[in-house]
Amino acid sequence: MKHLRYNTRIDSSPEVVWNTLFSLPTYRVWTAEFCEGSTFEGSWEEGTRMRFFIPDGSGMVSVIAENRPHRFLSIRHVGLLKEGVEVTDSEEAAVWVPAHESYTLSPAGPSTDLTVDVDAPEDFVEFMEDTWPRALAKLKALSEAGPA
């Protein structure tokens, strides 16, 4: 597992960036860089289970490890989705468990510094390195366009 970090400065408040990150309509827009049709089911409340998936039903099963609104959110991946079915005890799922993904928002005057930390298996590093910068550019544009 490799730890990756991405940073961007967004000319919007932490509240606007947070809402753009985690509101379903805008989440679908910026995560389309990873796969068109990306979405989620569940609540961002600490301790709750989430499902992140694409139209074919594949994706991740996760738990919200920590949620400090407008400041920090940590996601712990606990398994995979295969055709909509949760898989937590396979060799394939073990490659991702216990990967973490976190979002840190820091006020920077009228702007927000966003840091994204992601754990990824070696086979996915190139994809992440290519895709995260594009996703963050889209997130930045959405956030700077106004409240979500």
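Which element gives the most to the lining of the largest pocket? Select β5 (72-82): this strand gives the most, with 5 residues. The model is predicted, so to speak from the outset: local features need pLDDT of at least 70, side-chain atom pairs count only at pLDDT 80 or more, and totals for chains, interfaces and linings use all residues. A pocket here is an open set of points on a 1 Å grid over the protein atoms alone, where a 1.4 Å probe fits, with protein on both sides within 12 Å along at least five of seven lines; lining residues have an atom within 4 Å of a point. Select Phe34, Gly59, Met60, Trp96 and Met128, which lie nearest the centre among the 32 lining residues. Elements giving two or more residues to this lining include α2 (24-30), β4 (59-68) and α4. Helices (H or I, at least four residues) and strands (E, at least two) are DSSP runs, numbered from the N terminus. By class, the lining has 22 nonpolar, 6 polar and 4 charged residues; Ala, Val, Leu, Ile, Met, Phe, Trp, Tyr, Cys and Pro count as nonpolar, Asp, Glu, Lys and Arg as charged, and the others, Gly among them, as polar.

**Two helices.** Next, show α1 (residues 14-22) with α4 (residues 125-145): their axes come within 9 Å and cross at roughly 125 degrees. That angle makes α1 oblique to α4. Axes are lines fitted to C-alpha atoms over the stretch in contact, with angles from 0 to 180 degrees between N-to-C directions; under 35 degrees is roughly parallel, over 145 roughly antiparallel, 65 to 115 roughly perpendicular and the rest oblique. Val16, Val17, Thr20 and Leu21 of α1 meet Leu139, Leu142 and Ser143 of α4, where contact means heavy atoms within 4.5 Å.

**Glutamate 33.** Go to the loop between α2 and β2 (39-42) for glutamate 33. Leaving out residues up to four places away in sequence, glutamate 33 touches Thr131, Arg134, Ala135 and Lys138.

**Backbone stops.** Histidine 70, in the loop between β4 and β5, has a positive phi of about 70 degrees. Finish at valine 97 and proline 98, joined by a cis peptide bond with omega about 5 degrees.

Technical notes. Residues numbered from 1 in each chain as written. Heavy atoms only, no water.
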